[in-house]
Amino acid sequence: MFEICPACGRYSDGMLVEKGKIRCPACGNAAPFVQRPLFFLTGASGVGKSTAARILFDTRKEYVTVECDILWRDFFNTPQDGYADFRDTWLRLAANVSQYGKSAVLCGCVTPEQIQARPRKRYFSELHFIGVVCSEEEMARRMAKRGFEPAHAAASGEFNRWMREEGPASGVETIDATR
């Protein structure tokens, strides 16, 4: 809603974010705008991020916790551009949630660089990445129990290894959910 100027009616994904307001680049009109922190609960399939998201959803009402897979469609499957349209969709949604006085916690497989590359990150005061990880053995057990295809299980295992080994250096605070 805030990417449509209330004064001139033009849509712009280039709205200028200033302290406490958003300004239309076409007519200069400014409207109130609150930049809040945005949180990402990330990790590979099977590590426990949906369980963690459910705990947040049930217990922490100061955040709006959302599972990102609810909007996933095949046309978003564009790894070559870091899933840009999917990331932008969620950033727009989370920015709208922020205007209602709550920060969003987005739960899904994401890396910091996929968000840092998006211009709409400017809508937030801070970005926080919490990565849920587990041991390789536990991940293999969970994948087998859930009947994941071998290719998906292998890709998820690689992402879990990356998150455990490289995530912290990339700005991801990790939580081990092996147990």
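A residue counts as buried when its relative accessible area is under 20%. Ser-45, at 16%, is therefore buried in this model, which is a predicted one.

**Ser-45 and its neighbours**
- Ser-45 sits in the loop that links β4 to α1 (49-59).
- Its side chain forms a polar contact with the side chain of His-152, at 3.0 Å.
- Leaving aside residues up to four places away in sequence, Ser-45 touches Cys-109, Met-139, Met-143, Phe-148, His-152 and Ser-156.

**Helix α2**
- Helix α2 runs over residues 84-98, which makes 15 residues.
- From first C-alpha to last, α2 reaches 21 Å, close to the 21 Å expected at 1.5 Å a residue.
- The rest of the structure largely encloses α2, because 11 of its 15 residues are buried.
- Among those buried residues are Phe-86, Trp-90, Leu-91 and Val-97, and the list also includes Arg-87, Asp-88 and Asn-96.
- The packing partners of the buried α2 residues are the strands β4 (36-42), β5 (63-67), β6 (103-107) and β7 (124-133), together with helix α3 (112-116).

**Pro-32**
- Pro-32 belongs to strand β3, which covers residues 30-32.
- With a relative accessible area of 75%, Pro-32 is exposed, whereas Ser-45 is buried.
- Not counting residues up to four places away in sequence, Pro-32 touches Gly-20, Lys-21, Ile-22 and Gln-99.
- Leu-71 is 39 residues from Pro-32 along the chain, and their C-alpha atoms are separated by 28 Å.

Terms used:
Residues are numbered from 1 along each chain as its sequence is written. This is a predicted model: local features need pLDDT of at least 70, side-chain atom pairs count only at pLDDT 80 or more; totals for chains, interfaces and linings use all residues. Side-chain values use heavy atoms; hydrogens and water are left out. Helices (H or I, at least four residues) and strands (E, at least two) are DSSP runs, numbered from the N terminus. The expected span of a helix is 1.5 Å times one less than its number of residues. Buried means under 20% relative accessible area, exposed over 50%, partly exposed in between (1.4 Å probe, protein chains only). Contact means heavy atoms within 4.5 Å. A polar contact is a pair of N or O atoms within 3.5 Å; within protein, one must be able to donate a hydrogen and the other to accept it, and residues adjacent in sequence count only if both atoms are side-chain atoms.
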